[in-house]
Amino acid sequence: MSQWLTLAVNSISYGGLLFLLSAGFSLIFGLMRIPNLMHGSFFLLGAYFGVTFLAQGMNFWLAALLSAAAMAAIGALIERFLLRRLAGQELAQVLLTLGLSFVVADACLMIWTGDPWQPETPHAFQGAVQVSGLFFPIYRLVIVAVAVVIAIALWLLIDWTRLGAMIRAGVDDAPIARVVGIKVSQLFTLVFALGAGLAAFAGVVGSPVLSVYPGLDAEMLPVALIVVILGGSGSLLGALVGSFIIGFLYNFGQAWFPDLAYVILFLPMVVVLVVRPQGLFGKVVP
Amino acid sequence: MRRITLRSVAITVAVLLLATLPLWIANTYYVNIASQILLFAVLALALNVLVGYGGLVSLGHAGLFAIAGYTAALLLEAGHGHLFSDLAAIVAVLIASAVFAVLALRATGIGFLMITLALGQIVWGLAYRWAGLTHGDNGVNVSGRPTVLGVSLAGAIPFYFATLVVFLVAVAAMALFVRSPFGASLRGTRDQPRRMNALGYNVWLIRFVAFLFSGFWTGVAGLLFIYYNQFISPQVAALQSSAEALLMVISGGSATLLGPIVGAAIVVIMKNVVSAYVERWNMALGIIFVLIITFMPEGLVPGSVRLWKAAWQRIRRRPATTAALEEQRP
């Protein structure tokens, strides 16, 4: 029973981390109609930025925010100066992000070497809380809290602001959104930057748990992909539900079938593709 | 008429050059690189069936390639014969292709790309994590190369010739495929799927069969690969390998017969040259990808053909215009 609870807490905190990663992926996919194959690279690069700042003795949350801001700027530049050149050619855009992901992975290997970096858990959140004889690591609970705060902030942004309404309009029907005067191309840059920043933030927040190493990008990208196929593109709720499903599957799979854990992750995706191709919360794109 | 003879002359010369290659490059290292080019050309040609003629961009072909390789390598390791292991590998890759196709053909375009990517990652995950079966990161050793018709393929030169034969068969199969009514209907589903549907073609079935055809030749390339390397590891199934194969198709020029072959040669040579000097092959791969997609999306072969045709027309037109001018001035 206690093992179950511990696994459940780990699953929820991993799910929270996945939500931070895949919310941006989902918005980018929904709006720009391309899976951003460098999303794992944003996560990895953000995490490396974070551990570098932390090595300078910076406050943990400041490092996470700075890394997110830097990545958001890089994301905006990539969208504005590389992806924009290929506007309308979705396949070329996807392949461009794929090519860039190799460049980023190799540059990271060159700069931060192949050794894993694992920053210390922030002092305030070290240790565990004891609840009725069970120990829960505080930091994992903090990750959940951060994910919840960001989920609420994103929901407020998308559902209750003018900007959010514009993004929703762009997701639903970009040409019509253009006709009514929404500058969709500016939204592209904004959403791409937002997604990159969120992924970097997730990378830093996750680094004390996951540690940062080459190949982390290629590990996180397919997971984000599954979450979005599962939840439906462009849907925050879908990303949230998908993240927690995958969080649970990953942790319980890892504990029970370590050999097949990675495959188990993909099974719900296969089922969804067969039964409901648009995803659990996705809309049918005409 | 003239172009057909030009083309047949070029083909004869190319085949003769390839057939006599070990005679004029004595160095085993270069013969081995030639074998690598030919075997990856088979993979690129197979992928081109979907990417070029079907308009279906797959990022999961490294998974199929690895399934054939792992099946044969594991059966050989268990003590089975070459013929049995290879046939079993082909059967396995056909079954895997059918499963891939059924799932991935729920979508086209970007959706197809995402699903094949995820499926390829599943194969990678199995190869990497299911250590009880695949030995994980340690990979599987293949003890020896087979003997075909009394000739041992253990040496570099006999292996080169065996690869060449398979390669030529693959090229011939592709040429027939492209010209066949089926090839035409596949191109039809790429350009006008709705019209093809309205004309009574079963678009899904055409794509499915094309996927199997592509999967078959991918498996053949996978078998050549394990016999060439005598080793297979999860790296073969990684996304990067799928991306390399796609780069071969795109850089040479998709939907052409020659493009993927040229692309395979470029990528294999680049990889060997770049790896010899720096450890940064991945970065080079990424940069080439970005450059080709941004500046020469049609690929090198169609790009060069376009330039060549323009130059040829200029050469032919010039004498004609000067002759016309001379007629006016008696």
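Author: A helix, as the word is used here, is a DSSP run of H or I at least four residues long, and helices are numbered from the N terminus. The model discussed below is a predicted one.

Reader: In which helix of chain B does Val99(B) lie?
Author: The helix in question covers residues 82-104 of chain B, and Val99(B) falls within that run. Although Phe208(B) is 109 residues away along the chain, its C-alpha atom and that of Val99(B) are separated by 10 Å. The helix that holds Val99(B) is α5.

Reader: Does Val99(B) count as buried, partly exposed or exposed?
Author: A residue needs 20 or more other C-beta atoms within 10 Å to be called buried, while 12 or fewer make it exposed. Val99(B) has 13 C-beta neighbours inside 10 Å, and therefore counts as partly exposed.

Reader: Is Gly219(B) buried or exposed?
Author: Gly219(B) is found in helix α11 of chain B, which runs over residues 203-229. Within 10 Å there are 29 other C-beta atoms, and because the cut-off for burial is 20 or more, Gly219(B) is buried.

Reader: At roughly what angle do the axes of α12(B) and α14(B) cross?
Author: The two helices meet through Glu244(B), Leu247(B), Ile250(B) and Ser251(B) of α12(B), and through Leu285(B), Ile288(B), Phe289(B) and Ile292(B) of α14(B). These residues divide into 6 nonpolar, 1 polar and 1 charged. The crossing is left-handed, and the axes, which come within 11 Å, cross at roughly 35 degrees.

Reader: Which helix gives the most to the side of chain B that touches chain A?
Author: The contact takes 32 residues from chain B and 33 residues from chain A. On the side of chain B, α6 (109-129), α7 (131-134), α12 (239-252) and α14 (281-295) each supply at least two residues. The residues on that side divide into 22 nonpolar, 7 polar and 3 charged. With 11 residues, the helix that gives the most is α6(B).

Reader: How far apart are the C-alpha centres of domain 1 and domain 2 of chain B?
Author: The domain assignment of chain B places domain 1 at residues 28-298 and domain 2 at residues 301-330. Chain B as a whole has 15 helices and 4 strands, and its C-alpha atoms fill a box of roughly 90 × 55 × 40 Å along the principal axes. The distance between the C-alpha centres of the two domains is 41 Å.

Reader: What radius of gyration does chain A have?
Author: Chain A holds 11 helices and 2 strands, and its C-alpha trace spans about 60 × 45 × 35 Å along the principal axes. A compact globule of 286 residues would have a radius of gyration near 19 Å, and chain A agrees with this, having 19 Å.

Reader: What value does phi of Arg33(A) take?
Author: Arg33(A) has its place in the loop between α1 (2-32) and α2 (39-55) of chain A. With 17 other C-beta atoms within 10 Å, Arg33(A) is partly exposed. Most residues other than glycine have a negative phi. Arg33(A), which is not a glycine, has a positive phi near 65 degrees.

Reader: Where in chain A is the place of Ser211(A)?
Author: Ser211(A) also has a positive phi, of about 65 degrees, although it is not a glycine. With 14 C-beta neighbours inside 10 Å, Ser211(A) counts as partly exposed. Its place in chain A is the loop between α8 (184-210) and α9 (216-231).

Terms used: Residues are numbered from 1 along each chain as its sequence is written. Chains are lettered from A and ligands numbered from 1 in the order in which they are written. This is a predicted model: local features need pLDDT of at least 70, side-chain atom pairs count only at pLDDT 80 or more; totals for chains, interfaces and linings use all residues. Two residues are in contact if their C-beta atoms, placed from the backbone, lie within 7 Å. Ala, Val, Leu, Ile, Met, Phe, Trp, Tyr, Cys and Pro count as nonpolar, Asp, Glu, Lys and Arg as charged, and the others, Gly among them, as polar. The radius of gyration is taken over C-alpha atoms; the globule rule is 2.2 Å times the number of residues to the power 0.38. Domain bounds come from an automatic or database domain assignment. Axes are lines fitted to C-alpha atoms, for helices over the stretch in contact, and angles run from 0 to 180 degrees between N-to-C directions. A crossing is left-handed if the near helix is turned anticlockwise from the far one by less than a right angle, and right-handed if clockwise.
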